[in-house]
Amino acid sequence: MKNEYDIIVVGAGPAGSMAARFAAEQGVSVLMLEKDRDVGYPVRCGEAISKAGVEEFIPSDDKWIAAKISKFSFNAPDGSEAIIDFGDAGYVLERRIFDYELARTAAEAGSEIITRAYVNGLLFNDGKVSGVKYELNGEQKEVKAKVVIAADGVESRVGRWAGLETHIDFRDMESAVQITAANIPVDQNTLYFYFGQDVAPNGYFWIFPKGHNKANIGLGVSGLIGKKKSAQSFLDDFMNKHYPNAPVLTKIAGGVPCSITLDKISGPGIMLVGDAARQVNPLSGGGIASGMIGGKIAGTIAGEAVKQNKLDHILTYDKAWHDRLGKRHETFNRIKEGIYNFSDDKFNSIAHSILKIPIEKRTLGKVFTTALMNNPSLLVDIAKVFVV
Amino acid sequence: MNYRQAKNGKLMIEILPDKCDFCGCCVGVCPEDAIELKEAEIFIIDERCTNCSKCVWSCPIEVIKFVIKNGFLFEKSFQMKKMAALPGDPCAHFV
Ligand SMILES: Cc1cc2nc3c(=O)[nH]c(=O)nc-3n(C[C@H](O)[C@H](O)[C@H](O)COP(=O)(O)OP(=O)(O)OC[C@H]3O[C@@H](n4cnc5c(N)ncnc54)[C@H](O)[C@@H]3O)c2cc1C
Ligand code: SF4
Ligand code: SF4
C-alpha cells in the first residue's frame, strides 16, 4: 500500500469494481476502498439482470447464475396474469459471488483493494479533490489521489463532500425490503411482477426465482407511500396472504434511487458512478448493469486523463454517460411517472388486453402497443425508448 | 447520557440502532448530510438535522421515529402510540 495513487475508488460494488478495472487496465495505479468486511455482502438486491448487461463485462458463468430467465409474468390487482416469453433474456444472479468476481477482475487488472476501510472525508488541494480520509481498524488515515471515483452506493456522501448536488428527493427513493425464502414453488425461469395499491403503490412487488424453489421476494414503494405504510408492512401482508410459513433465509432493507442521473457527475478531481450518481434505470429500478456501464466509462476516462496528464479530461464523463444511457433514463423516468399514476382498474384492463394476444405473439412491442391503447399519452415516450 | 440538539430546535428524530439494517436508504434522502452510517453503526449528527422527517418516511423497516411530545411517537400509521415516558425534557433524546 502506497500513500499516493493515481485513482482512488470508494466502494466495491459493481460500479466501483468496473471503474477500478477499466482505470487499472490503462496502467495507472488504482486503490479501491470498501467499508464492509466483505466485497459483495450483504446483498441488497433482487439480482435480476439481462444477459447483455452481464456479458458486456464478464462471460456468463454458472457459478454466479442462480436462475436463467426466459419469461416475465405481470400480475394485475384483480389476479389476471399476463406472461410474456422473451427467449434467452437474462439471469437472477448470486451477487455475493458475482460482485466478488467483478472485484477479482479489477484486481487482475492491477488495482489494490482494501475492505473495512470507511471513507469519512476528502482531501482538497486548490479547491480540487486530492485524496480521501478513511478509517481502518479504528485508525484515521489519509491517502492522496489525482482522481477520486465515488462508487459508494445509494448512501453516497462522497460526491456531496466534493461539492456536487447529490441529494435525491424522498419521493424518488424506492424504499425496499426483500427476503430470500425457501419452498416457493414458482416457475424457476420466470420473473414475477405484481402491481396495484394493495401490494406496492408507486412501485412494484417482485418474486425472482433463485433455483431449487428459493426466491427473492420483495417490493419497493416511494417514500411518499412510506409516509403512511412502510415497505415492511406491505411485505408482511403479502407473505401472510400467499406464503405464510415460508422459511426465510435472508432479509434485507434497501433503497433504490429511481430518478434521472444527477445534473453533474464530475468535478475537479471527482467522478460519481453507479447508485452514487443515480444511474439506476428509474423505470425498472435495475442498477447493476447501468452501474457497471457508468463505472466503465468513468474508469476509462479517468485512466486516460491520468496517462495524458490532462486531468480536465474527466469532465467529459458527464456527456459520455448522457449519450450512452443518461438520455434513455430521462425517457424511462417519464414513463415511470405515467405508470405511477395508473389506477388498479387501468392495470387490470391492460392485463386483460394483453391476455387477448396469443402468447406466441406477445412480443415486447405488441405488449407495449396494447398498454398504450389504454394510455395514449405515454405513446410518445415509449416510442422514443424503442425507436431511438 | 448525551443530549442532542437539532438545527432548528431540539432533535426529534430517533434511530433505533438495534433494529437497523444499515441499508443507507435514509442517508440517501437526508438533505442535510446529517446521518453517519458505517458497516454496522448509525447515528444522527445532531447539529445538522432539521427534523424534516424524510428519513422517517423512507426507512423501509420503520427503524427511525419522530418523537413529537411527552413520550408519544409519531408512527407511520399516523396513530399516536404511547411509549414509556422519557424523563426530563419531553423531546429530549438520549443515547
Ligand atoms: C431491494 C433491492 C432490489 C434491487 N433489485 C435489483 C435487480 O433485481 N436488478 C438490478 O439490476 N438492480 C437491482 N437493485 C439496484 C442495485 O442493487 C444497485 O443499483 C447496485 O447495487 C448499484 O451498484 P453500485 O456499485 O453503484 O453500489 P453498491 O452495490 O451499493 O456498492 C456500493 C459500495 O460502497 C460501499 N461504501 C459506501 N459508503 C462507503 C464509504 N464511505 N467508504 C467505503 N465504502 C463505502 C458500500 O459498502 C458498498 O459495498 C436493487 C436494489 C435494492 C435495494
Ligand atoms: S430529519 Fe431530515 S435532516 Fe434530520 S436526519 Fe432525517 S432526513 Fe436528515
Ligand atoms: S433506512 Fe432504516 S434500516 Fe436503512 S439504514 Fe436508515 S434507519 Fe437503518
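Select the contact between the two chains: 29 residues come from chain B and 33 residues from chain A. Contact here means heavy atoms within 4.5 Å. The model is predicted, so local features need pLDDT of at least 70 and side-chain atom pairs count only at pLDDT 80 or more, while totals for chains, interfaces and linings use all residues. Residues are numbered from 1 along each chain as its sequence is written, chains are lettered from A and ligands numbered from 1 in the order in which they are written, and side-chain values use heavy atoms, with hydrogens and water left out.

**Stop 1: the interface**

Keep both chains in view. Chain B and chain A bury about 2500 Å² between them, with 53% of it on carbon and sulfur atoms. Buried area is the accessible area (1.4 Å probe) that two parts lose on being put together, summed over both. Now pick Glu39(B), Trp57(B) and Pro60(B). In chain B these lose the most area to chain A, together 24% of what that side buries.

Next, show the polar pairs. The rule finds 15 residue pairs in polar contact across the interface, both residues at pLDDT 80 or more. A polar contact is a pair of N or O atoms within 3.5 Å; within protein, one must be able to donate a hydrogen and the other to accept it, and residues adjacent in sequence count only if both atoms are side-chain atoms.

Color the elements of chain B. Helices (H or I, at least four residues) and strands (E, at least two) are DSSP runs, numbered from the N terminus. By class, this side of chain B has 15 nonpolar, four polar and ten charged residues. Ala, Val, Leu, Ile, Met, Phe, Trp, Tyr, Cys and Pro count as nonpolar, Asp, Glu, Lys and Arg as charged, and the others, Gly among them, as polar.

**Stop 2: salt bridges between the chains**

Side chains of opposite charge can pair when their charged atoms come close. The rule finds five salt bridges across the interface of chain B and chain A. A salt bridge is a side-chain nitrogen of Lys or Arg within 4 Å of a carboxyl oxygen of Asp or Glu.

Select Asp21(B) and Arg44(A). Their side chains meet in a salt bridge, 2.7 Å from N to O. Asp21(B) lies in the loop between β3 (13-15) and α1 of chain B, and Arg44(A) in the loop between β2 and β3 (48-50) of chain A, so the pair joins two chains. Asp21(B) is partly exposed at 23% relative accessibility. Arg44(A) is partly exposed too, at 27%. Buried means under 20% relative accessible area, exposed over 50%, and partly exposed in between (1.4 Å probe, protein chains only).

Glu39(B) has a relative accessible area of 26%; Arg116(A) has 44%.

Then select Arg157(A) and Glu36(B). This salt bridge has its closest N and O atoms 3.2 Å apart.

**Stop 3**

Chain B has two helices and eight strands. From the N terminus on, they run β-β-β-α-β-β-α-β-β-β. Buried residues make up 53% of its 95 residues.

**Stop 4: the cores of chain A**

Bring chain A back. Select Ile7(A) and Val132(A): of the 71 residues in the largest nonpolar core, these touch the most other members. A nonpolar core is a set of buried Ala, Val, Leu, Ile, Met, Phe, Trp, Tyr and Cys residues joined through side-chain atoms within 4.5 Å. Helix α7 (residues 288-307) of chain A gives the most to this core, with nine residues. A second, separate core of 54 residues includes Ile168(A), Met173(A), Ile184(A) and Phe205(A).

**Stop 5: inside chain A**

Select Lys336(A) and Asp172(A). Their salt bridge has its closest N and O atoms 3.6 Å apart. Lys336(A) is buried, at 3% relative accessibility, whereas Asp172(A) is partly exposed, at 22%.

Finish with Asp61(A), Lys63(A), Glu101(A), Arg104(A) and Glu108(A), which are linked in a network of salt bridges.
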